[in-house]
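Good morning, and thank you for making time for this item.

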Amino acid sequence: MQYNKVLWDYGSDILTSPGMQFEKTLVQHGDMSVYDHSVFVAERCVAVARKWPGRVDMRRLVRGALLHDYFLYDWHEDDDSHRLHGYTHAIRALRNAKRDFGIGEIEEDMIRCHMFPLNISCCPRTTEGRILCFVDKVCATYETARGFKAALKRRVLGHGTD
Ligand SMILES: [Fe+2]
Ligand SMILES: [Fe+2]
């Protein structure tokens, strides 16, 4: 994909990191891994940024988007600490991203506030944060609907076990 080169130009250290490789084993929406979701979101953020009328810091946009769900656990597991995942994972992702990578104020705003308006008190202040907040929701909706459609198809056609 044409946007993938931008991701590797600005985020190769993130994409090849042990944390991101671990994300390949974690399911996000439907049958999509957290890694694939993060790459998909980052690519779409680049696409939106290229049409954006104002200035966008493409490097920080890519890095913040790749790390926005860097929470590093399987939120589908039946565990008390995952119960409020929707409200808490942005802060956990931010903590992990700060520990493993050098991130600045823009990436921090992006990661911390990407769940707005679910996290109503955290509205993105930066253009990059607003782009991510919007794109993440569109991608998550698409991925969830695609997973639901695939599960329905398996059930109707009698393929698979669920
Ligand atoms: Fe998220
Ligand atoms: Fe996300």
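Two residues are taken to be in contact if their C-beta atoms, placed from the backbone, lie within 7 Å. Under that convention, Val62 touches Val6, Leu7, Tyr10, Gly11, Ala42 and Val46, with residues up to four places away in sequence not counted.

Please note that this is a predicted model: local features need pLDDT of at least 70, side-chain atom pairs count only at pLDDT 80 or more, and totals for chains, interfaces and linings use all residues. Residues are numbered from 1 along each chain as its sequence is written, while chains are lettered from A and ligands numbered from 1 in the order in which they are written.

Let me turn to the core. A nonpolar core is a set of buried Ala, Val, Leu, Ile, Met, Phe, Trp, Tyr and Cys residues joined through C-beta atoms within 7 Å; buried requires 20 or more other C-beta atoms within 10 Å of a residue's own, exposed 12 or fewer, and partly exposed is in between. The largest such core has 37 residues, and Ala42, Cys45, Val62, Ala65 and Ala93 touch the most other members. Two or more residues each are given to this core by α1, α3, α4 (58–67), α5 (85–100), α6 (105–113) and α7 (127–157). The largest share, nine residues, is that of α3. Helices here are DSSP runs of H or I with at least four residues, numbered from the N terminus.

Next, a helix pair. How do α1 and α3 pack? Helix α1 (residues 4–15) meets helix α3 (residues 34–51) at an angle of about 105°, and their axes are 9 Å apart. The axes are lines fitted to C-alpha atoms over the stretch in contact, with angles running from 0 to 180 degrees between N-to-C directions. The two helices are therefore roughly perpendicular, a term covering 65 to 115 degrees. On the α1 side, Asn4, Val6 and Leu7 meet Val39, Ala42, Glu43 and Val46 of α3. By class, this contact has five nonpolar residues, one polar and one charged.

Also in α1 is Asp9, which counts as exposed because it has 11 C-beta neighbours inside 10 Å.

Finally, the loops. Between α4 and α5 lies Leu72, a residue other than glycine with a positive phi, near 65°. Leu72 is partly exposed, since 18 other C-beta atoms lie within 10 Å. In the loop between α6 and α7 we find Pro117, and the peptide bond from Phe116 to Pro117 is cis, with omega near 10°.

Technical notes: Angles under 35 degrees count as roughly parallel, over 145 as roughly antiparallel, 65 to 115 as roughly perpendicular and the rest as oblique. Ala, Val, Leu, Ile, Met, Phe, Trp, Tyr, Cys and Pro count as nonpolar, Asp, Glu, Lys and Arg as charged, and the others, Gly among them, as polar.
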